[in-house]
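Hi everyone, thanks for coming.

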Amino acid sequence: MSDPELEHDELYMRRALELAAHGLSSTDPNPRVGCVLVNDGRIIAEGWHARAGEPHAEVLALRAAGSAAAGATAYVTLEPCAHTGRTPPCTEALIAAHVARVVYAAQDANPLVRGRGAAALRAAGIELRADVLASASRALNPGFFKRMQHGLPWVRVKLAASLDGRTALANGVSRWITGEQARADVQRQRARSSVVLTGSGTALSDDPALNVRLEGYPRQPLRVLLDSELRVPPQARVFEHPRSALVFTASEHAARRAALEARGVRLESAARAPGGGLQLEPILRRLAQLEANEVWVEAGARLAGALLQQRLVDELVVYVAPRLLGPSARPLAQWPEIERLEQALQLCFTDCTRLGADLRISAVPIDSPGD
């Protein structure tokens, strides 16, 4: 049996979610939030959060509505905040505007907010409706929710491969397996990320800049290098903007550390992993402490394989080119040999999009810790 009120609420919430998506590449470390104000069956104002420290979606919509907000319904993609952070509480603004009703999608995962926003609005006599398209709000902010709930960022591993699952020729040549449209999409994926992460092997072989090269892009993600022995030299392209670069290392080599620090690069010590390299989960937890919501990994088979084996990957994004490189070419990820199909890592496809001649395939491990 249909619920007309719910259908209307979902209609306006979809619009609020569209607005929230405008902040996909700019709100970090805050969540992406949109707000729609409706009075007498029509939209009277809209707002979306653009940057941390700037007004939230609700405040912008209320400013646009003015006195017309009185008696209106506010549709917000996240529970309105009830604490003072970089900006005042949105609950106070909604109460002061005399809105009659607030419909929100998902409960805020931030323990400073969770449930308190709803309680403040309810205490002020405002009618509430929660969990309207909540899953869509969470899908728009996977890193924010995971960081608040698990103390870890959302980790996407990007791989570019041939149809037979090879990422480079045996001699290491990989430019370019995929076409221009796929590479442009990688730029957009970097842009939405808090961190772009790679390992020393990739930095030495490809010398990537790992920056965002999009016109009008408001910020650069933090570029993180895992370099246990500090093998990557200070003149590497990943350090072209040293203040947005961070190196995790286990090396105490004084001269190498001094050279990087003289370049302006920040170094943090990390524990060695038993099999070589660095212990990965503590690094990811440290990035979450630094308010990283989404980590975009562009690395070789060794680091990609280690993240997958340790169940630290939330999402695989594989760009597949319609070409074959043969069995001697390099694989997607280092993976231990298995003897039974039941031992294979199980994934679920979530998206398949054509980009020029290539495909972008997204998949999540079925036992992902972010589920």
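Let's start with Asp185, which lies in helix H7, residues 180-192. Helices (H or I, at least four residues) and strands (E, at least two) are DSSP runs, numbered from the N terminus. Before going on, a word on the background: this is a predicted model, where local features need pLDDT of at least 70 and side-chain atom pairs count only at pLDDT 80 or more, while totals for chains, interfaces and linings use all residues. Residues are numbered from 1 along each chain as its sequence is written, and side-chain values use heavy atoms, with hydrogens and water left out.

Is Asp185 buried or exposed? Asp185 counts as buried, at 4% relative accessibility. Buried means under 20% relative accessible area, exposed means over 50%, and partly exposed is in between (1.4 Å probe, protein chains only). What does Asp185 touch? Leaving aside neighbours within four places in sequence, Asp185 is in contact with Tyr319, Leu355 and Arg360. Contact here means heavy atoms within 4.5 Å.

Now please find Ala168, in strand E7, residues 166-168. Ala168 also counts as buried, with 7% relative accessibility. Not counting residues up to four places away in sequence, Ala168 touches Val173, Ser174, Ile177, Leu325, Ala329 and Arg330. From Ala168 to Phe248 there are 80 residues in sequence and 26 Å in space, C-alpha to C-alpha.

Phe248 brings us to the nonpolar cores. By nonpolar core I mean a set of buried Ala, Val, Leu, Ile, Met, Phe, Trp, Tyr and Cys residues joined through side-chain atoms within 4.5 Å. In soluble globular proteins, nonpolar side chains tend to be buried together. The largest core here has 34 residues, and those that touch the most other members are Val157, Leu197, Val224, Leu226, Phe248, Leu287 and Leu307. At least two residues of this core come from each of E6, E8, E9, E10, H10, E12, helix H11 (301-309) and E13. Take Leu287: not counting residues up to four places away in sequence, Leu287 touches Val195, Leu197, Val224, Leu246, Phe248, Ala292 and Val295. Apart from this core lies another, of 25 residues, including Cys35, Leu37, Val99 and Ala109.

Next, the sheet. Strands of a sheet pair through backbone hydrogen bonds, either parallel or antiparallel. We count two strands as paired if DSSP finds at least two bridges between them. In what order do the 9 strands of the open sheet come? The order is E11-E10-E9-E8-E12-E6-E13-E16-E15, and the pairing is mixed. Strand E11 (266-269) and strand E15 (347-355) stand at the edges with a single partner strand each, so one side of each has no neighbour in the sheet. On average, neighbouring strands of this sheet are turned by 25° against each other, direction ignored.

Helix H10 (residues 280-289) lies across E6, E8, E9, E10, E11 and E12, and runs at about 150° to E10. For such angles, axes are lines fitted to C-alpha atoms, for helices over the stretch in contact, and angles run from 0 to 180 degrees between N-to-C directions.

Let's move to strand E4, residues 101-106, where 6 of 6 residues are buried. Strand E3 (residues 73-78) pairs with E4 in the parallel sense over 5 bridges, and Leu78 stands opposite Ala106 in E4. E4 also pairs with strand E5 (residues 127-129), again in the parallel sense, over 3 bridges.

Last, the aromatic rings. Rings of Phe, Tyr and Trp (its six-membered ring) pair if their centres lie within 6.5 Å; planes under 30 degrees apart count as stacked, over 60 as edge-to-face, and the rest as tilted. How many aromatic pairs does this rule give? The count comes to 2. The rings of Tyr12 and Tyr75 have centres 5.2 Å apart and planes at 45°, so this pair is tilted. Tyr12 lies in helix H1 (residues 4-20) and Tyr75 in strand E3, so the pair ties together parts 63 residues apart in sequence. Phe144 and Phe145 have ring centres 5.9 Å apart and planes at 85°, so that pair is edge-to-face.
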